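The sequence and model come next, followed by an overview and grouped points.

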Amino acid sequence: MLNGKTKILLITLCVVGILISILSMGIASSPSIVRYNADWPIIIDPSVGADCQSVTANVNLFDPLVSADTNGNIIPHVAESWDVASDGLTYTFHLRSGIKFHDGSELTAEDVKFSMDRMITIGEGISYLWSEAVQEIEVIDKYTVVFHMKTTFGPFLVTLPSFFIVNKELIMANISPGIYDDMGDYGRGYAIDRDVGSGPYMLKDFTGEYLLLEKNPNYFMDISTAPDEFKMIGSSEPILLKTLMSRRELEMTFRWCASETLKSLAEIKGVEIAQWLLGSAEYITMNTRKPPLDDIHVRKALAWAFDYEEAVKIVPGSVQARGPVPLGVPGSDANSFQYHLDLEKAKLELKQSKYYGHFDEYPIDISWNSNKSMEKHAMLLMANATEIGLNVNVVETTWALFCSDSASIETTPGLHVLSANSYYPEAASLLQARYHSSTTGTWLQAEWLLDPVLDEMIEDAIATTDKDERFAKYSAVTRYIIDLCPTIFTIETPERRAYQSAYMDWPVARGEVIPIYKYDNSMRYIKVYPEKREELLKK
Amino acid sequence: MFINRILYSIFVLWGLSVFIFVISRIVPGDPARMTLGARASEEVLQRFRIAMHYDKSIVVQYYHWFKDVLHGDFGISLITKHPVLEDISRVLPASLELTIFAFIFIIIIGITIGVISARYHNTWVDNLGRFAAYFGIVTPSFVFAIMGMLIFCYILEVLPAMGRLSPELIYPPKITGLITIDALIQGNFIVFFDAFKHLILPSISLGLLGMASDARITRASVYNNLGKDYIIAAQSYGIPDRVIMFRDLLKPSLIPVVSLLALQFGSILSQAFLVELIFNWPGFARYGMTAIIQKDLNAISGVVLILGIFRIGGNIIVDFLVGLLDPRIQLIKERSE
């Protein structure tokens, strides 16, 4: 018979033994996988999800009608060829035969028509790219589809790599009651977290913590060297990212990592930082309808008072912006006027202002959200504005609050540090989104320009089908906007991402970037070398 | 008495529903625009407003909203685009599992430390227990979580760093939504142990404060009862200390601890945000906090009401348990009625 102390000792030993065995249990990991940390939630219905993480999933789950190369040239994808009518009002696409959706059914012209009709009717995400331009889609035969345009839309083809084709038959079989008349909910409830695509990857698992895709064995292109799986993990905690990277359980980080986090990740052996400029910019918007910013001289004074060199130092890899369109975007103007820090010029501008001598009565708020570099840029402007006699207060806000505040002139902040990027590789993407009157009342345009001349210039440029002529018109629009000085064009922001260079070949890191939104996260171009990963783990 | 408490709770929940609804409707911003995005056309926006009754008066809106809530329909989350109830039914089991394990750690570690400290009061054992309790009280759970991750995941690499299950394993078919329970029911021990490994750090981090405060209260309560006549009488009869401890001392000493535990359950559930964020735990607190940050009004309403139900339910269970532990309380209530 054991005494009490011996019993306690034995029980303790048993508990410790069980704990040790639990801790030492290992599970073999999948050999060929790319894991990527992402914001959450991910919405895999291309008619609804338009944010970074949703599009990252969708470029892998779906096929676009056409694709693009690293120079931004449009290349065949689902459509193997296309014809454009001489008046620019009809686009005829000839589809490849034999492309299969993940449920085994064939992708046909009916699916293309359905996808665009659905996109426009739902009216969310990036549907605005096509809703004003596309009149009707006509199915000629199983593999031929014609887009009839309401008006000429010069950049139409370059928008199409962001148009993903969904499985009509599968969605129609899963329609629920909803707000789209005969179409019920248009399959939103179904497609939001189910696989209705034909892309290089298929949905394997979608939980509240990750999205797991597996390679499509029946894909119509050769993707044999691509990783077997792609996993998006909904986390951004620096300590977790560092732990996962060092344990080789994370291959790529998302674009929102702070510089400090990237620096610490780069210290891990075999991890490098990939960096490129691709159509993203940071702006300080000025509410041109709110005193004293309704006076162009005050706006110009602030533009002269901003320390661009210091702003560039705050964000590694950035360069000073030149106008509303980053220089990497086709149609940008490399010769447009560029402000620099000159406090004397700033003071001269203020003297010409109708508010001169009364600036104390007009304090200006500069709001920021998202990341610390934006706060630093706001502080930078505040410091220099004080030197020229303007009273600027830095205010932290949330994205949701900024969006709702942007709904009216009165509530839109005087100044706001905003990050924006082009959705398709042409200047029109930013010019229209940021400065056309149709976007006032939304976060896209806190400037409230409401300038009919500018609207007409933008519309005219977009409607021009000849590329050279269109690009010349973009330059004219750019210069017109710079003259109005509604925005301080601060920096072109780079995309900076940590990745496992020791066992991953990522063309983007070599500078081979396809200039379409989130094509940098297309897994079919990536190669991973599991044996090199194993070597690293052994070391 | 019990029926009265239930009716009172329903009234409180209704009041809470009015409060949430009014708050959600007076915050600035067009909910249709917030749901459908910056570039949605006016036609689409209007269709949405009509479908959601946003074009009606606030009283009519409340009527429709409350009617839907009674049917379990909190509307669509502005962020996830899923029905809120569907979202909650997905994230709630994850948090419940975390909370239950945190709770188990609180009970096992907190009460054990408290009892041992009281038993060996004013010795080095007691001092050590008190130090551990103070350490738990002053250390925020997220600090412990980060330190734990650094030591056990980054340096020692003995515990998983994130999530509920290793990626190579598949979630067991859902019965309760609690992976450990579902795996046990289905006899899948590999999944059970893996899920348990994932629970160790987050649940201990989450339960740290509870363990510490329960250790302090248990110590005080046990120590207080040690001097009672019936304990001295038992000791004078020569009954072994261990028997006195488990048979006579622990039950009355646990009454204040049980009251505290029930309150802790509700607060752990709602305060798990940082721990869930650090360990990428797809839970309810993280969902609720994201909803607040993103101004996801439908989700906020759902989260607050569910939390209200848990809090009120917790209080009712406490009353019941305390009555079981100390029948005098039940008697006093009955006499007063």
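Two residues are in contact if their C-beta atoms, placed from the backbone, lie within 7 Å. In chain A, 71% of the contacts between residues at least 6 apart in sequence join residues at least 24 apart. This is a predicted model, in which local features need pLDDT of at least 70 and side-chain atom pairs count only at pLDDT 80 or more, while totals for chains, interfaces and linings use all residues. Residues are numbered from 1 along each chain as its sequence is written, and chains are lettered from A and ligands numbered from 1 in the order in which they are written.

**Overall build of chain A**

- Chain A has 18 helices and 18 strands; helices (H or I, at least four residues) and strands (E, at least two) are DSSP runs, numbered from the N terminus.
- The radius of gyration of chain A, taken over C-alpha atoms, is 26 Å, close to the 24 Å of the globule rule for 539 residues, so chain A is as compact as a globular protein of that length.
- The globule rule is 2.2 Å times the number of residues to the power 0.38.
- The C-alpha trace of chain A spans about 95 × 70 × 45 Å along its principal axes.
- Of the 539 residues in chain A, 50% are buried.
- A residue is buried if 20 or more other C-beta atoms lie within 10 Å of its own, exposed if 12 or fewer, and partly exposed in between, with C-beta atoms placed from the backbone.

**Domains**

- Chain A is assigned domain 1 (63-191), domain 2 (201-270 + 501-538) and domain 3 (277-493), with bounds that come from an automatic or database domain assignment.
- The centres of domain 2 of chain A and domain 3 of chain A, taken over C-alpha atoms, are separated by 34 Å.
- Their contact takes 6 residues from domain 2 of chain A and 8 residues from domain 3 of chain A.
- On the side of domain 2 of chain A that touches domain 3 of chain A, the residues divide into 5 nonpolar, 1 polar and no charged.
- Ala, Val, Leu, Ile, Met, Phe, Trp, Tyr, Cys and Pro count as nonpolar, Asp, Glu, Lys and Arg as charged, and the others, Gly among them, as polar.

**Where chain A touches chain B**

- In this interface, 41 residues of chain A are in contact with 50 residues of chain B.
- At least two residues each on the chain A side come from α1 (4-24), α4 (128-131), β10 (229-233), α8 (238-246) and α14 (399-405) of chain A.
- The element that gives the most to this side is α8(A), with 5 residues.
- The residues on the chain A side divide into 20 nonpolar, 16 polar and 5 charged.

**A four-stranded sheet**

- An open sheet of 4 strands in chain A has the order β1-β10-β9-β8, with mixed pairing; two strands pair if DSSP finds at least two bridges between them.
- Its edge strands, β1 (33-37) and β8 (201-206) of chain A, each pair on one side only.
- From one strand to the next, the twist averages 20°.
- Strands β8(A) and β9 (residues 210-215) of chain A pair in the antiparallel sense over 5 bridges.
- A:Tyr201 has A:Lys215 in β9(A) as its bridge partner.
- Helix α2 (residues 52-61) of chain A lies across β8, β9 and β10 of chain A and runs at about 170° to β10(A).
- Axes are lines fitted to C-alpha atoms, for helices over the stretch in contact, and angles run from 0 to 180 degrees between N-to-C directions.

**Backbone exceptions**

- Most residues other than glycine have a negative phi, and most peptide bonds are trans.
- A cis peptide bond, with omega about 10°, joins A:Trp40 and A:Pro41; A:Pro41 is in the loop between β1 and α2 of chain A.
- A:Pro291 and A:Pro292 are also joined by a cis peptide bond, with omega about 0°, and A:Pro292 lies in the loop between β11 (271-286) and α10 (296-305) of chain A.
- A:Tyr186 has a positive phi, near 55°, and is found in the loop between α6 (168-172) and α7 (188-191) of chain A.
- A:Cys485 has a positive phi, near 45°, and is found in the loop between α17 (467-484) and β16 (487-500) of chain A.

**A buried helix residue**

- A:Ile462 lies in helix α16 (residues 452-463) of chain A and is buried, with 26 other C-beta atoms within 10 Å.
- Leaving aside neighbours within four places in sequence, A:Ile462 is in contact with A:Phe153, A:Gly154, A:Pro155, A:Ala428 and A:Gln432.
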